[in-house]
Amino acid sequence: MAIKSRKVTIVGSGLVGAACAYSMINQSVCDEIMMVDRTYDRAVAQALDLSHCMDFTSTRTKVYAGRLEDCRDVDVVVLTAGANPKPGQTRLDVLEEADKITRDLVSKVVAGGFNGVFVVAANPVDIVTHIVQEVSGFPRSRVIGTGTSIDSARLKTLLSEVFSIDPRSVNGYAMGEHGDSQFVAWSHVTIGGKPLLHILDQHKERFRDVNLDEIARKTKDAGWEIFTRKGNTQFGIGNALAYIVRSILNDEHRIIAVSAVLEGEYGQREVCTGVPAIIGDVGIEEVIELNLNEEELEKFNHSCNILRNAMNGLRTRNEGKSMA
């Protein structure tokens, strides 16, 4: 009996794409990885380099170069190719360039017969995810952005340092835009199952120097701190991508803070933003609606408005170009 191989295509063979592939190889996430890049030779080189890992891993992952049109029988397409902000720019500042790149890539992938799940990492990831959903025509379940998954991981790391515990013992989410308007849903952050706000209230003297606003700021700015110091981020987001893809391929039903197009959740529609969601073999199985407090809901609505306005502005500009 033939066993179906689990196949993943990574579009964009740069630092993030390579880090994603490397993470998936070392975690035995899939059986095959196809590397795609606008420069075919770079995709070939990355595939060769990655294939030389196999003697040192527990399982063998077949890695090779391919093209956008070769995704017909692929389970997941990971999009890392996009526009990088320059110093002083925000992720939203590269939206128009990202839009052009994304529309071209997605249309070619879909034209080749792809019918799996898109996982998006290109920035601004919330809006790019929305663009992928529109261009592909796929249901929202099959278009997932990395969203605030990496921000939530950064939050847990910061809290683990403050409270001297393993970050995996922290549960909580950064939500909203993967960008300047994100916020931490403090009312739902727990450590070992105990609400963080209760811990701070019960141990006022011990944790008197804990500043939640400062932790939220550091969470938001962590990516920029890395970017300004070395010019890119790669390992955290690469591992986040592998984590999401593994949940899809293994039907793990993990709850991850991802970019999802909202369909009435939190009272929002026609916007894609970072929210916790159950991820399984169909993609997004369900968006989890946290009972946000009044302040958190106000921050969430504010973030959604920023993303919605940016997306609507992009649509208006594109319509103007098509009429010109």
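An open sheet of 3 strands runs in the order 7-10-11 with antiparallel pairing, where strands are DSSP runs of E with at least two residues and helices are runs of H or I with at least four residues, both numbered from the N terminus, and where two strands pair if DSSP finds at least two bridges between them. Its edges are strand 7 (170-171) and strand 11 (194-195), each of which pairs on one side only. Strand 7 is joined to strand 10 (residues 190-191) in the antiparallel sense over 2 bridges, and Asn 171 stands opposite Thr 190 of strand 10.

The model is a predicted one, in which local features need pLDDT of at least 70 and side-chain atom pairs count only at pLDDT 80 or more, whereas totals for chains, interfaces and linings use all residues. Residues are numbered from 1 along each chain as its sequence is written, and side-chain values use heavy atoms, with hydrogens and water left out.

**Strands 12 and 13**

Strand 12 pairs with strand 13 (residues 269-280) in the antiparallel sense over 9 bridges, and within this pairing Ile 255 has Ile 278 of strand 13 as its bridge partner. The hairpin made by strand 12 and strand 13 has 5 residues between the strands, and in this hairpin Gly 264 takes a positive phi near 110°. Strand 12 is mostly covered, as 7 of its 10 residues are buried; buried means under 20% relative accessible area, exposed over 50%, and partly exposed in between, with a 1.4 Å probe and protein chains only.

Ser 259 is found in strand 12 (residues 254-263), and Ser 259 counts as buried because its relative accessible area is 0%. Its side chain reaches the backbone nitrogen of Gly 147 at 3.2 Å. With contact meaning heavy atoms within 4.5 Å, and not counting residues up to four places away in sequence, Ser 259 touches residues including Val 125, Asp 126, Ile 144, Gly 147, Cys 272 and Ile 284.

**Nonpolar cores**

A nonpolar core is a set of buried Ala, Val, Leu, Ile, Met, Phe, Trp, Tyr and Cys residues joined through side-chain atoms within 4.5 Å. The largest such core has 60 residues, and those with the most contacts inside it are Met 24 and Met 175. Helix 8 (residues 235-249) supplies the largest share of this core, 8 residues. Apart from it lies another core, of 21 residues, among them Val 11, Met 34, Leu 79 and Phe 118. Leaving aside neighbours within four places in sequence, Met 175 is in contact with residues that include Thr 148, Phe 183, Tyr 266, Val 275, Leu 292 and Phe 300.

Tyr 243 is also found in helix 8, but Tyr 243 is partly exposed because its relative accessible area is 32%.

**Aromatic rings**

Rings of Phe, Tyr and Trp (its six-membered ring) pair if their centres lie within 6.5 Å, and planes under 30 degrees apart count as stacked, over 60 as edge-to-face and the rest as tilted.

Phe 118 lies in strand 5 (residues 117-120) and Phe 138 in the loop between helix 4 (125-136) and strand 6 (143-145), so their pair ties together parts that are 20 residues apart in sequence. Phe 118 is buried at 0% relative accessibility, and Phe 138 is likewise buried at 7%. Together with Phe 114, Phe 118 and Phe 138 form one aromatic cluster. Trp 224 and Phe 227, by contrast, both lie in helix 7 (residues 212-230), 3 residues apart, about one turn of the helix.

A charge sits over a ring if NZ of Lys or CZ of Arg is within 6 Å of the ring centre and within 35 degrees of the ring normal. Arg 142 lies over the face of Phe 138, at 3.9 Å from the ring centre, and the charged end of Arg 67 sits over the ring of Tyr 40, 4.0 Å from its centre.

**Backbone geometry**

Most residues other than glycine have a negative phi, and most peptide bonds are trans. A cis peptide bond joins Asn 123 and Pro 124, with omega about -5°, and Pro 124 lies in the loop between strand 5 and helix 4. Ser 164 has a positive phi near 55° and lies in the loop between helix 5 (149-163) and strand 7, where Ser 164 counts as exposed at 65% relative accessibility. His 253, with a positive phi of about 60°, has its place in the loop between helix 8 and strand 12, and His 253 is partly exposed at 40% relative accessible area.

Notes:
A polar contact is a pair of N or O atoms within 3.5 Å; within protein, one must be able to donate a hydrogen and the other to accept it, and residues adjacent in sequence count only if both atoms are side-chain atoms.
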